[in-house]
Amino acid sequence: MIRTEPAPAKINLALHVTGRRADGYHLLDSLVVFTALGDRVTVAPGPAALTVTGPFADAVPTGEKNLCLRALRHVGMQAAVTLEKNLPPASGIGGGTADAAAVLRALGAAPDRPETLGADLPACLLSRPLRMQGVGERITPVALPDLHLVLVNPRVETPTPAVFAALERRDSAPLPDLPALADAAALTEWLSATRNDLQPPALGLRPVIADCLAALSAQNAGLARMSGSGATCFGIFADAPAAEGAAQAIAAAQPGWWVRATVTIPGLPSGGAGG
Ligand code: C5P
């Protein structure tokens, strides 16, 4: 059977680094959402193989390192995978991990210790609003209002290990408890008391991230922040027309950047892993 699965972009609305494990991995406390925008994965019967299409196809490694193929090996399954790569790679919004999760969902596979494939993999398997703790393996679904977002990426890849290595503070408090949030404005207000601890080290490595944040703020984003280890930044806007207007203005001023308006999703159309 041929199956197609969305691989939604992952956005860390807040990310606190609360400690470090003996093996060097960092303990996180992150509020995570997924967007209508994403890659798309199709699996068909056949020997393990990968074909990549889409605007960022050239940037995807197709050999042994590719996370879709590693996911197949992890669960001992074979499939011919076609990946439509719409998201810029190495950009803090899930990317390869989201693709691997989509392959596993398409095959109905329930992997053992999915976080060993990528810290974001347990979150991407669910692709719904959630709190992520531990190194990514502790997942708690949460109820959040929909958010209209603008995503801005300056088209410089930002390697996650380098950002973690440049991190100076690893002792943040956990996220404050999440109250019932009536609307996007209440969520934005709550987020203003949180941060992304990876933003300062990423800014040090990629100063252009400051320009992305400034561009979102200049469009009156309710909050402008970096996602994951960057370099993609998000801005929160009041509604879809406001987000689309801001995206158009930023794209016109910075034709070399990747800029998209999108909206967060309450969950996957199929209802979750294997569904
Ligand atoms: O698992 P993932 O591929 O996302 O991690 C990439 C790198 O980021 C790891 O090799 C590690 O250096 C760093 N990392 C970390 N703590 C985490 C997640 C990632 O130190 N919780």
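Colleague: Which residues does UniProt list for the feature "domain: GHMP kinase N-terminal"?

Modeller: UniProt places that feature at residues 69-110, in an unreviewed entry. Such an annotation may be inferred rather than shown by experiment. The model itself is predicted. Over residues 69-110 the chain is 45% helix and 12% strand. The end C-alpha atoms of that stretch are 16 Å apart.

Colleague: What does the record give for "domain: GHMP kinase C-terminal"?

Modeller: UniProt lists residues 180-252, again from an unreviewed entry. There the chain is 53% helix and 11% strand. The end C-alpha atoms of residues 180-252 are 38 Å apart.

Colleague: Why does Glu5 count as buried?

Modeller: The cut-off is 20 or more other C-beta atoms within 10 Å. Glu5 has 24 C-beta neighbours inside 10 Å, so Glu5 counts as buried. Glu5 sits in strand S1, residues 3-20.

Colleague: How far is Glu5 from Arg73?

Modeller: Their C-alpha atoms are separated by 19 Å. Along the chain, Glu5 and Arg73 are 68 residues apart.

Colleague: What makes S3 and strand S4 a pair?

Modeller: Two strands pair if DSSP finds at least two bridges between them. S3 and S4 (residues 80-84) are joined by 5 bridges, so they pair. They run parallel. Ala49 stands opposite Ala80 in S4. From S3 the chain passes through helix H1 (residues 67-75) to S4, a left-handed β-α-β crossover.

Colleague: Which residues form the covered face of strand S3?

Modeller: Leu50 and Val52. The uncovered face holds Ala49, Thr51 and Thr53. Strand S3 spans residues 49-53.

Colleague: Which residues surround the ligand?

Modeller: The shell consists of Tyr25, His26, Leu28, Gly118, Ala119, Asp120, Val135, Gly136, Thr160, Pro161 and Phe164. Two elements give two or more residues to it: strand S2 (26-44) and helix H4 (160-165). The largest share, 3 residues, comes from H4.

Colleague: How many residues of that shell are nonpolar, polar and charged?

Modeller: The shell around the ligand divides into 6 nonpolar, 4 polar and 1 charged. Asp counts as charged, so Asp120 is the charged one.

Colleague: How do you know that the ligand lies between domain 1 and domain 2?

Modeller: Both domains give residues to the shell around the ligand, so the ligand lies between them. Domain 1 covers 3-141, and domain 2 covers 148-263.

Conventions:
Residues are numbered from 1 along each chain as its sequence is written. This is a predicted model: local features need pLDDT of at least 70, side-chain atom pairs count only at pLDDT 80 or more; totals for chains, interfaces and linings use all residues. A residue is buried if 20 or more other C-beta atoms lie within 10 Å of its own, exposed if 12 or fewer, and partly exposed in between; C-beta atoms are placed from the backbone. Helices (H or I, at least four residues) and strands (E, at least two) are DSSP runs, numbered from the N terminus. A crossover is right-handed if, with the strands pointing away from the viewer, the path from the first strand over the helix to the second runs clockwise. A residue is near a molecule or strand if its C-beta atom, placed from the backbone, lies within 6 Å of it. Domain bounds come from an automatic or database domain assignment.
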